[in-house]
There are 2 protein chains.
Amino acid sequence: MMYPPKASMEGQSKGDRTRAAILQAGLEVASTEGLEAITIGRLADRVNLSKSGLFAHFSSKEQLQLEVLQHGRNEFVTRVIGPALAETRGEPRLRTLLKNWLGWNWSNDSRGGCIFLQAAAEYDDREGPLRDALVESQHDMVEFLVGAAALCVEEKHFRSDIDPRQFAFELYALVMAHHFHIRLLDDPTAPKRTRKGFERLLESAK
Amino acid sequence: MMYPPKASMEGQSKGDRTRAAILQAGLEVASTEGLEAITIGRLADRVNLSKSGLFAHFSSKEQLQLEVLQHGRNEFVTRVIGPALAETRGEPRLRTLLKNWLGWNWSNDSRGGCIFLQAAAEYDDREGPLRDALVESQHDMVEFLVGAAALCVEEKHFRSDIDPRQFAFELYALVMAHHFHIRLLDDPTAPKRTRKGFERLLESAK
């Protein structure tokens with residue numbers, strides 16, 4: 001499976017719970033200021049651990065950053081991909097996907113932005129394991145969108161000559177513009193404009 | 001005028017040339033790693049000045065960052081806005097705008113990305129003069145796009161019921177997706193997909 005399922009909270013040891021709290025604090029920092037703003041010391045403060053206490057869970061800053069990114073992926077699956085997959089394939093699934101995706105961007109638990117779009121600006125010029133993990137996550141995301149659009153063709157919700165990859169490109173474009181207009185320009189019309197663009201995109205595919 | 005014209009290189013003193021070299025080096029750093037990666041020491045190294053030599057031109061890191069951002073605006077006007085304004089208003093102007101805008105993103109002098117999209121990720125969570133200057137630049141950019149789309153309506157290249165602000169939102173969305181797919185995903189099809197999305201956007205406005 002592309003995205004691992006979220007770990008259940010039941011039956012977690014104290015160590016597991018501490019680890020989960022560290023990752024959640026990391027996600028909050030990464031969604032607002034970026035993965036580079038994560039430091040062992042800063043997260044230790046946020047979860048009331050000593051630095052060495054935190055080191056017991058994560059052996060390096062990079063490992064911590066990688067696991068925070070993975071935690072972001074898991075959360076995205078729980079909140080955005082999962083509900084879409086539970087919906088009827090084709091157009092209903094796309095609509096559910098967009099609805100939850102915009103909610104993720106706009107006001108997730110961290111009150112920050114999207115960890116992936118934030119990280120894209122950080123790692124588009126760097127080499128290394130963090131960039132590699134981010135690129136993999138975004139390739140998976142694009143492929144998920146392509147697949148969701150292809151199902152619309154299969155279900156005859158879209159015309160047979162629609163290019164699912166083009167559709168995916170334009171759909172992600174709208175979500176990026178939504179993020180930018182909400183987060184930087186504080187534009188309250190962004191959700192409405194995003195939905196309007198989405199309806200136009202759907203109409204042109206029918 | 002919204003954007004100040006670019007200063008001519010002629011008749012520049014040595015001090016002016018040094019200042020211009022510092023700002024250009026700053027733009028290169030900001031377009032790749034971000035405005036926060038600019039430090040007095042780092043730029044001093046790049047232009048072969050001592051730190052105190054650089055301080056003679058810019059009194060603080062923040063002033064330097066603000067002037068680098070302004071330099072980015074000036075360059076954007078020279079390379080993207082100016083050529084568009086020189087074109088016939090309406091659809092021809094929009095086409096020239098997009099062509100140069102994509103070139104700006106993809107391979108400007110810095111071999112980096114777009115300073116504005118990079119800075120958006122940095123400052124969408126911070127208060128202060130840098131965010132204010134960035135937001136102003138992006139408001140101006142959006143208003144320029146809205147105006148360019150409104151002229152398409154006026155010239156009867158677009159239908160009269162087209163909302164120029166919606167058009168501007170969707171146009172900027174495509175440019176953001178282009179930047180993301182080129183820079184992070186290294187996707188060579190991004191320019192083609194962006195142009196295809198643009199044609200669809202134009203068609204739907206006619």
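Analyst: Two residues are said to be in contact if their C-beta atoms, placed from the backbone, lie within 7 Å. Please keep in mind that this is a predicted model. By that cut-off, Glu62(A), Gln65(A), Leu66(A), Leu69(A), Arg73(A) and Ile81(A) in H4(A) meet Pro129(A), Leu130(A), Ala133(A), Leu134(A), Ser137(A) and Phe144(A) in H7(A), and the residues of this contact divide into eight nonpolar, two polar and two charged.

User: Why is H4(A) called roughly parallel to H7(A)?

Analyst: The axes of H4(A), residues 61-85, and H7(A), residues 129-154, come within 9 Å and cross at roughly 15°. Angles under 35 degrees count as roughly parallel, and therefore H4(A) is roughly parallel to H7(A). The crossing in which H4(A) passes H7(A) is right-handed.

User: What makes the span of H7(A) close to the expected one?

Analyst: H7(A) has 26 residues and reaches 37 Å from its first C-alpha to its last, which is set against the 38 Å expected at 1.5 Å a residue.

User: Which residues in H7(A) are buried, and how do you know that the word applies?

Analyst: A residue is buried if 20 or more other C-beta atoms lie within 10 Å of its own. In H7(A), the residues that are buried are Leu134(A), Ser137(A), Met141(A), Leu145(A), Ala148(A), Ala149(A) and Cys152(A).

Methods
Residues numbered from 1 in each chain as written. Chains lettered and ligands numbered in written order. Predicted model: local features only at pLDDT ≥ 70, side-chain atom pairs only at ≥ 80, totals over all residues. Axes fitted to C-alpha atoms, helices over the stretch in contact; angles between N-to-C directions. Helix = DSSP H or I, 4+ residues; strand = E, 2+ residues; numbered from the N terminus. Parallel < 35°, antiparallel > 145°, perpendicular 65-115°, else oblique. Left-handed = near helix turned anticlockwise from the far one by under 90°. Nonpolar A, V, L, I, M, F, W, Y, C, P; charged D, E, K, R; others polar. Expected span 1.5 Å × (residues − 1). Buried ≥ 20, exposed ≤ 12 C-beta atoms within 10 Å, placed from the backbone.
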